Amino acid sequence: EPDVVIGTGGYVCGPVVLAAKLQGVSTMIHEQNAFPGITNKLLARFANCIMVNFEESREYFVHKERVTALGLPVRQEVLSAGKEEGLQYFGFSPEKTTLLVSGGSRGARSLNRAMAEAYPELIQHPELQIIHLTGRTDYEDTMKAIADHGVEIAEHPQIIIKPYLDDMRYGLAAADFCVGRAGATFLAEVTACGLPGILIPYPYAAENHQEYNARALADRQAAYLLLDKDLTGNLLSEHILTLCKDSEKREQMAAQSRAMGKRDALDRIVELVEQQCNQ
């Protein structure tokens with residue numbers, strides 16, 4: 001006997017939310033991505049309230065008057081570290097520009113290969129320090145690819161390469177900008193921290209939703225968008241060094257990223273749920 005049922009987009013949500021509607025229970029859905037999935041587009045036709053992460057997804061729903069852009073909740077611990085604390089964690093200098101590279105916990109093979117190709121150029125710029133998270137499954141291959149390009153990482157203490165970072169708050173706090181995929185959770189954390197980015201959407205995501213996510217940031221000049229099919233080490237290093245050297249551009253993009261971030265998303269969602277419960 002629930003007061004409200006919330007669907008978050010997976011196909012298993014369909015029958016549950018539908019059953020709730022047939023029983024007269026208040027229903028809500030939350031869409032994480034800029035391009036809504038099939039289940040949410042179907043459920044939106046009768047849901048009492050449609051919550052979205054990206055304002056851009058509003059146009060894909062028939063009942064736009066029911067749509068509210070509230071963001072996507074991020075773990076509060078992600079926001080708990082300051083920049084100085086983050087830099088100290090890695091032993092990095094506050095006088096240099098810090099890049100965070102992450103393809104997610106499982107990594108991103110094409111991104112890692114492009115970084116390996118880019119390192120011979122990047123190590124020529126000592127003002128840049130890098131935290132590169134390869135993903136657990138691609139660490140060994142990435143290290144080999146870097147060595148194959150003639151770079152001995154042990155000789156460059158300004159570059160830290162790890163399979164994974166258990167406490168991501170330090171990576172996000174230390175970074176001045178990032179390179180990564182365009183999953184909704186990663187982008188919610190990046191914008192909550194006000195980081196500009198170079199985004200390479202995963203090309204095989206359902207309905208290509210990562211490209212829509214990345215374009216939402218790129219259109220607001222909070223990030224650069226590089227398609228996976230166009231990705232090369234030269235192109236990636238060019239974008240990295242542009243942001244590294246142009247602090248004014250980086251700050252402008254950071255401001256746009258920060259404006260898109262919704263640190264209070266959880267509180268706003270809970271408030272809306274309570275309103276539905278009380279109707």
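Is Glu207 buried, partly exposed or exposed, and what is its relative accessible area? Glu207 is partly exposed, at 35%, where buried means under 20% relative accessible area, exposed over 50% and partly exposed in between (1.4 Å probe, protein chains only). The model is predicted, so local features need pLDDT of at least 70 and side-chain atom pairs pLDDT 80 or more, while totals for chains, interfaces and linings use all residues. Residues are numbered from 1 along each chain as its sequence is written, and side-chain values use heavy atoms, without hydrogens and water.

Glu207 belongs to the loop between β9 and α8; helices (H or I, at least four residues) and strands (E, at least two) are DSSP runs numbered from the N terminus. Although not a glycine, Glu207 has a positive phi of about 55 degrees. Most residues other than glycine have a negative phi.

Helix α8 covers residues 209-219, and its buried residues are His209, Gln210, Glu211, Asn213, Ala214, Ala216 and Leu217. These pack against α7 (184-192), β9 (197-199), β10 (223-225) and α10 (247-260), contact being heavy atoms within 4.5 Å.

Just after α8, Gln221 takes a positive phi of about 60 degrees. Gln221 is situated in the loop between α8 and β10 and is exposed, with a relative accessible area of 53%.

Elsewhere, helix α11 (residues 265-278) contains Glu271, which is partly exposed at 46% relative accessibility. Glu271 gathers with Asp264, Asp267 and Glu274 in a surface patch of negative charge.

How values were computed. Patch = residues over 30% accessible without salt bridge, like charges linked within 9 Å, V, L, I, M, F, W, Y side chains within 5 Å. Areas by Shrake-Rupley, 256 points an atom, 1.4 Å probe, with all protein chains shown as cover. Salt bridge = Lys/Arg side-chain N within 4 Å of Asp/Glu carboxyl O. Lys, Arg positive; Asp, Glu negative; His and termini not counted. Charge placed at Lys NZ, Arg CZ, Asp CG, Glu CD.
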